[in-house]
Amino acid sequence: MSTFTAFYTAWSDQLQQLLRQLCSAPKPPTTQDHLHHLNHLVNKVLSHYAEYYRVKAAAAERDVLDIFAAPWASAFEKSLHWIAGWRPTTVFHLVYTESSILFESHIFDILRGVRTGDLGDLSPTQFRRVSELQCETVKEENAITDELSEWQHSVSDLMGATTDVDKMIERLVTVVRKADDLRLRTLKRVVDLLTPQQAVEFLIAAVELQQGIREWGMNQDRESSY
């Protein structure tokens with residue numbers, strides 16, 4: 001087991017503990033202490049993700065090809081990867097999906113003018129800012145994809161006698177670093193657009209999706225190995 005694989009296993013277990021804390025948080029918050037608690041939990045989860053990318057960056061410096069191989073991930077997880085991780089624009093699909101589900105469940109309250117304060121109660125301004133951020137993220141995502149494509153096209157140069165393999169690997173490390181930076185930045189910027197209650201609900205959905213994909217993929221791997 002590689003060092004990063006061991007780290008990821010422990011990190012994922014800690015993420016599950018944070019999910020339980022998010023799920024047990026007071027929603028909606030009715031006191032100032034509740035609001036402080038929600039903000040504290042949101043910051044804890046974001047810090048946990050930031051720690052993941054910090055350690056991953058160091059691991060990529062040591063062996064970026066191992067990061068792409070992702071031995072800690074199931075085959076199903078790997079099939080969903082974009083440059084050794086989740087696609088940043090997935091965040092927006094998650095926001096829209098969760099918002100739609102909650103909106104439909106509260107439709108009668110909303111029609112009566114009752115504000116729920118959850119993800120189904122996003123304001124027009126929030127929707128506009130989320131949409132603007134999505135457009136920005138799509139552009140950055142495409143630019144990084146193009147950079148990886150250029151790197152892949154240059155692989156034929158490896159046959160040349162004067163090819164600097166170390167420099168090519170360094171370029172790949174840079175691509176991964178840019179992709180991970182966009183992933184973390186996108187997560188943080190979306191959270192910044194939400195209220196504390198909405199941020200907690202969004203992070204619950206994000207972690208449940210990540211953990212659900214991981215669990216299902218690992219079960220599939222175990223069944224296929226029999």
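Is Arg128 buried, partly exposed or exposed, and what is its relative accessible area? The points below answer this and then describe the pockets, the cavity, the aromatic pairs and the salt bridges of the model.

1. The structure is a predicted model. In it, Arg128 has a relative accessible area of 44% and is therefore partly exposed, since the partly exposed class lies between under 20% (buried) and over 50% (exposed).

2. **A salt bridge within one helix.** Arg128 and Glu132 form a salt bridge in which the closest N and O atoms are 3.2 Å apart. Both residues belong to helix α6, and because they are 4 residues apart there, about one helical turn separates them. Side chains of opposite charge can pair when their charged atoms come close.

3. In total, the structure holds 11 salt bridges. One of them joins Glu61 to Arg177, with 2.7 Å between the closest N and O atoms. Glu61 is in helix α2 and Arg177 in helix α7, so this pair ties together parts that are 116 residues apart in sequence. Glu61 is exposed, with a relative accessible area of 51%, whereas Arg177 is partly exposed at 42%.

4. **The pair Glu140 and Arg185.** A further salt bridge is formed by the side chains of Glu140 and Arg185, at 2.8 Å from N to O. Here helix α6 supplies Glu140 and helix α7 supplies Arg185, so parts 45 residues apart in sequence are tied together. Glu140 is partly exposed, with a relative accessible area of 29%, and Arg185 is partly exposed at 28%.

5. **The cavity.** The count comes to 1 cavity of 30 Å³ or more, and the volume of the largest cavity is about 30 Å³. Which residues line the largest cavity? The lining consists of Leu133, Glu136, Thr137, Glu140, Leu182, Arg185, Thr186 and Arg189. Helices α6 (124-153) and α7 are the elements that give two or more residues to this lining. By class, the lining residues divide into 2 nonpolar, 2 polar and 4 charged. Glu140 and Arg185, both in this lining, are the salt-bridge partners described in point 4.

6. **The largest pocket.** The largest pocket has a volume of about 570 Å³. Its lining comprises 25 residues, and those nearest its centre are Gly85, Trp86, Arg87, Gln210 and Ile213. Two or more lining residues come from each of α1 (3-23), α2 (32-69), α4 (90-105), α7 (165-192) and α8 (196-224). The largest share, 5 residues, is given by α8. The lining has 17 nonpolar, 4 polar and 4 charged residues.

7. **The second largest pocket.** A volume of about 150 Å³ is found for the second largest pocket. Its lining includes Tyr53, Arg54, Val173, Arg177, Asp180 and Arg185. The elements giving two or more residues to the lining are α2 and α7, and the largest share, 7 residues, comes from α7. The classes are 6 nonpolar, no polar and 5 charged residues. Among the lining residues are Arg177 and Arg185; Arg177 forms a salt bridge with Glu61, and Arg185 forms one with Glu140.

8. **Aromatic pairs.** A pair of aromatic rings is described by the distance of the centres and the angle of the planes. The structure holds 10 aromatic pairs. One of them, Trp11 and Tyr49, is edge-to-face, at 5.4 Å centre to centre and 70° between the planes. This pair links distant parts of the chain, with Trp11 in helix α1 and Tyr49 in helix α2, 38 residues apart. Both Trp11 and Tyr49 are buried.

9. Why is the pair of Phe76 and Trp216 edge-to-face? The ring centres of Phe76 and Trp216 lie 4.8 Å apart and the planes are at 65°, which places the pair in the edge-to-face class because that class needs an angle over 60 degrees. Phe76 is partly exposed at 31% relative accessible area, and Trp216 is partly exposed at 46%. Separately, Phe4, Phe7, Tyr8, Trp11, Tyr49, Tyr52, Tyr53 and Trp72 form one aromatic cluster.

How values were computed
Residues numbered from 1 in each chain as written. Predicted model: local features only at pLDDT ≥ 70, side-chain atom pairs only at ≥ 80, totals over all residues. Heavy atoms only, no water. 1 Å grid on protein atoms, 1.4 Å probe; cavity = no way out; pocket = protein on both sides within 12 Å on 5 of 7 lines; lining within 4 Å. Points joined across faces, edges and corners; volume = space filled by probe spheres on them. Nonpolar A, V, L, I, M, F, W, Y, C, P; charged D, E, K, R; others polar. Phe/Tyr/Trp six-rings, centres within 6.5 Å; stacked < 30°, edge-to-face > 60°. Buried < 20%, exposed > 50% of the residue type's maximum accessible area, 1.4 Å probe, protein only. Salt bridge = Lys/Arg side-chain N within 4 Å of Asp/Glu carboxyl O.
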